[in-house]
Amino acid sequence: MKIFLLFTFLPFLLSSFKQAAASAHYDKILTHSRIRARDQGPNVCALQQVMGTKKKYFSTCRNWYQQSICGKKATVLYECCPGYMKMDGTRGCPAVAPIDHVYGTLGIVGATTTQRYSDISKLREEIEGRGSFTFFAPSNEAWDQLDSETHRNLVDNVNIELYNSLHHHMLNKRMLTKDLKNGMTLVSMYNGQKLFINHYPNGVVTVNCARIIHGNQIATNGVVHVIDRVLTSVANTIQDFIEFEDELSSFRAPAITSGVMDILGRPGHYTIFAPTNEAFEKLPRGVLERIMGDTVASEALVKFHILNTLQCSEAITGGAVYETLEGNTVEVGCDGESLTVNGVKMVKRKDIVRSNGVIHLIDQVLIPDSAKQVIELGGAQQTTFTELVAQLGLASSLRPEGQYTLLAPLNGAFSDDTLGLDQRLLKRILQNHIIKVKVGLNELYNGQELETIGGKLLRVFVYRTAVCIENSCMVRGSKEGRNGFIHIFRQIINPAEKTLHEMLRNDKRFSIFLSLVKAADLDDVLSRPGQWTLFVPTNDAFKGLTDDDKDVLIRDKNALRNILLYHLTQGVFIGSGFEPGVTNILKTIQGGKLYLKTVNDTLLVNELKSRESDLMATNGVIHVIDKLLYPAELPVGNDQLLTILKKLIKYIQIKFVRDSTFKEIPLTFYKPIIKTYTKIIDGRPVEVTEKKVTEERIIQGPEIKYTRITAGGADNEEKLKKILEEEVTKVTKFIEGDGHLLEDEEIKRLLQGAGTEYTKVTKVIEGDPQIIEREIKKVHLEEAPARKAQPTRRAQGGGARRRTRLAHS
């Protein structure tokens with residue numbers, strides 16, 4: 001039965017402890033202070049005092065080890081912990097402080113001015129008598145810092161004003177710091193006035209933003225907490241203050257039009273950094289007019305100045321990040337006596353306490369990214385890019401109502417040679433860094449193509465820890481503005497212009513490798529569309545190779561293909577896309593494995609350094625090496641071939657198994673049937689596989705027009721052309737490419753009898769439709785009766801076919 005009762009009561013007990021712990025940060029910090037001072041004797045607490053001031057704190061671990069508070073050097077003091085006192089001739093504070101009534105306790109804690117004012121205002125009799133009180137007693141320094149006029153008015157009318165003010169600092173019940181919960185509202189002993197309690201994780205407890213600097217001094221009829229300022233009455237809401245404060249008229253206007261002002265009139269615990277009229281006058285006129293004329297941007301601006309938590313200045317002893325109502329964050333910190341926002345001293349008046357929060361007046365306007373134009377999102381590391389965009393006239397083309405994505409290289413990506421280029425060429429380079437649409441990081445996927453304002457198509461490659469566009473990979477720092485995104489890149493993006501084959505053919509360093517590719521009948525692989533990574537050995541890799549040796553390699557085409565295709569892998573793998581220091585295993589077309597990793601920005605392939613990496617081609621990427629690659633596990637069965645390979649490859653031991661042969665590798669491997677890509681969904685990369693098809697459409701011809709969908713390949717295309725040449729007496733127009741298909745709506749319009757000079761054509765590329773325009777002159781289409789096509793004319797594959805007869809005028 002006892003065990004049952006124990007387990008029944010245990011959850012309640014633990015819950016009580018948790019609730020107490022959640023609001024006892026002050027007591028926890030005090031305990032840590034006792035531990036730090038344990039070498040000084042019993043009941044001694046270690047405090048930090050900001051040099052040059054009288055401000056003392058029971059410190060957090062962070063401030064303690066940094067030996068500073070608010071960026072200022074702090075010295076260590078050792079004092080008796082609250083409730084204890086020294087004894088002559090002994091270490092530490094072994095004696096318990098005498099317990100007296102509240103009036104006497106004011107003297108014990110050194111709040112002698114408050115004690116004297118209690119005496120002359122006739123409050124003494126009350127706080128010496130029966131009852132249970134909590135007295136938030138201003139320190140002597142707090143009375144000295146009070147506004148002189150307010151102070152004089154209180155002292156001149158001690159029986160009413162001073163008496164009422166002291167009652168405003170009191171509760172008619174005892175409440176220790178552990179009872180003062182964050183967000184609590186208490187009723188003072190004067191006229192039902194509210195006291196707003198905040199209890200912060202760093203141990204700071206505030207009452208109407210006044211900090212408790214000495215807490216929990218127990219009295220026979222209550223408790224005394226010494227605070228660092230004199231409390232004034234709190235009336236009205238933040239909304240009321242803004243509506244009647246002349247200094248905030250510029251901020252008031254957008255707050256009203258955006259509807260945010262209504263929020264500030266509701267109950268809550270808000271902190272608002274309110275920019276003054278002077279702050280708005282500092283903004284460029286164009287920026288201010290644009291934001292104020294855009295309701296979405298102006299609402300974002302106002303909400304960016306508001307926190308949904310109450311942050312009194314005395315509770316801030318170091319930098320911390322807080323979320324605003326706009327959704328983004330600001331860093332609130334301190335520098336000595338000054339508050340900082342995002343590291344800048346801008347608070348000119350602090351701790352204006354209202355019933356639903358606190359106001360700090362600032363002399364700068366905080367503009368969130370969501371209210372900025374995309375070109376304004378560039379940071380200190382992208383100034384070269386943003387300045388060039390402005391200088392070359394591209395900024396003016398980024399319309400406020402448009403949607404764009406900027407791919408901004410870091411400043412270091414722009415070499416002196418690049419900056420010295422002809423301005424027209426430099427402008428084209430920058431145009432390749434501006435996308436026509438707004439694309440966020442989580443919308444990018446592997447295989448995606450993005451069109452720039454210069455008309456180039458840029459490919460996206462998504463890896464495990466990197467997202468790259470063409471040859472350059474992103475770094476952290478993407479931002480979303482009012483009309484677009486900005487993404488930060490390590491290097492200038494160089495769109496591919498040539499195929500792998502064309503790049504090899506135009507570079508003399510690769511002439512030997514290219515001749516072997518041709519001999520192995522693989523040059524077509526490197527010419528066709530696809531996604532390949534090719535590791536190309538330079539001519540230096542073939543030093544010592546004689547013509548006779550080359551003939552031996554060429555005669556054994558199967559062996560040659562195995563060697564060459566070990567240098568080729570499916571997919572585009574950018575060197576900077578690999579996670580540094582981690583080995584990546586790629587399966588080659590030959591079947592063997594390549595081991596890649598990057599070390600100090602250098603790509604290693606089977607531990608061999610790539611001399612030049614990330615040379616982009618329209619159908620892949622080239623990494624240059626100066627050694628011939630060979631799969632270590634693949635044996636050679638021919639003495640003559642073994643001798644040749646040993647001459648070229650000295651970094652591994654080549655296996656020899658007499659009479660072993662190389663497997664045959666059919667050339668069907670490069671027919672693009674299935675496409676696999678990675679797409680970011682909910683912030684995580686997900687592999688997606690889809691079937692790739694080619695669509696072909698003949699636009700004009702006197703006989704029959706067919707639409708067909710076939711698996712990719714060149715043979716079917718040639719057959720179709722041959723059939724057409726046999727049946728069509730005259731073809732006036734033929735559109736070539738990966739495949740074109742008239743949109744249904746366009747066909748309907750033409751069938752209704754309307755001739756057209758231009759018609760839209762949808763071109764399907766890798767599953768992403770794009771609209772292009774082609775000129776078709778004087779074409780009239782009319783519906784023809786359906787008839788069965790002859791077998792010799794039928795395209796491969798089943799399914800219904802649209803058939804249209806074209807007539808010429």
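Helix 20 and helix 22 (residues 557-565) pack at about 130° in this predicted model, and their axes lie 10 Å apart. An angle under 35 degrees would count as roughly parallel and one over 145 as roughly antiparallel, while 65 to 115 is roughly perpendicular; the pair is therefore oblique. As for handedness, helix 20 goes past helix 22 in a left-handed crossing. On the helix 20 side, F513, L516, V517 and A519 make the contact, and they meet K557, L560 and L564 of helix 22. Sort those residues by type and you get 6 nonpolar, 1 charged and no polar.

Now jump back to strand 12, which spans residues 210-219 and holds Q217. With a relative accessible area of 5%, Q217 is buried too. Who surrounds it? Leaving aside residues up to four places away in sequence, Q217 touches P82, G83, A97, T105, I108 and V109, along with V223 and V224.

How far to trust all this? The chain has an average pLDDT of 82, and 80% of its residues score at least 70. Residues 1-22 fall below 50, and that stretch has 1 contact beyond near neighbours in sequence. Residues 691-714 are below 50 as well, yet this stretch has 95 such contacts in the model.

Key: Residues are numbered from 1 along each chain as its sequence is written. This is a predicted model: local features need pLDDT of at least 70, side-chain atom pairs count only at pLDDT 80 or more; totals for chains, interfaces and linings use all residues. Side-chain values use heavy atoms; hydrogens and water are left out. Helices (H or I, at least four residues) and strands (E, at least two) are DSSP runs, numbered from the N terminus. Buried means under 20% relative accessible area, exposed over 50%, partly exposed in between (1.4 Å probe, protein chains only). Contact means heavy atoms within 4.5 Å. pLDDT is the predictor's confidence in each residue, from 0 to 100. Axes are lines fitted to C-alpha atoms, for helices over the stretch in contact, and angles run from 0 to 180 degrees between N-to-C directions. A crossing is left-handed if the near helix is turned anticlockwise from the far one by less than a right angle, and right-handed if clockwise. Ala, Val, Leu, Ile, Met, Phe, Trp, Tyr, Cys and Pro count as nonpolar, Asp, Glu, Lys and Arg as charged, and the others, Gly among them, as polar.
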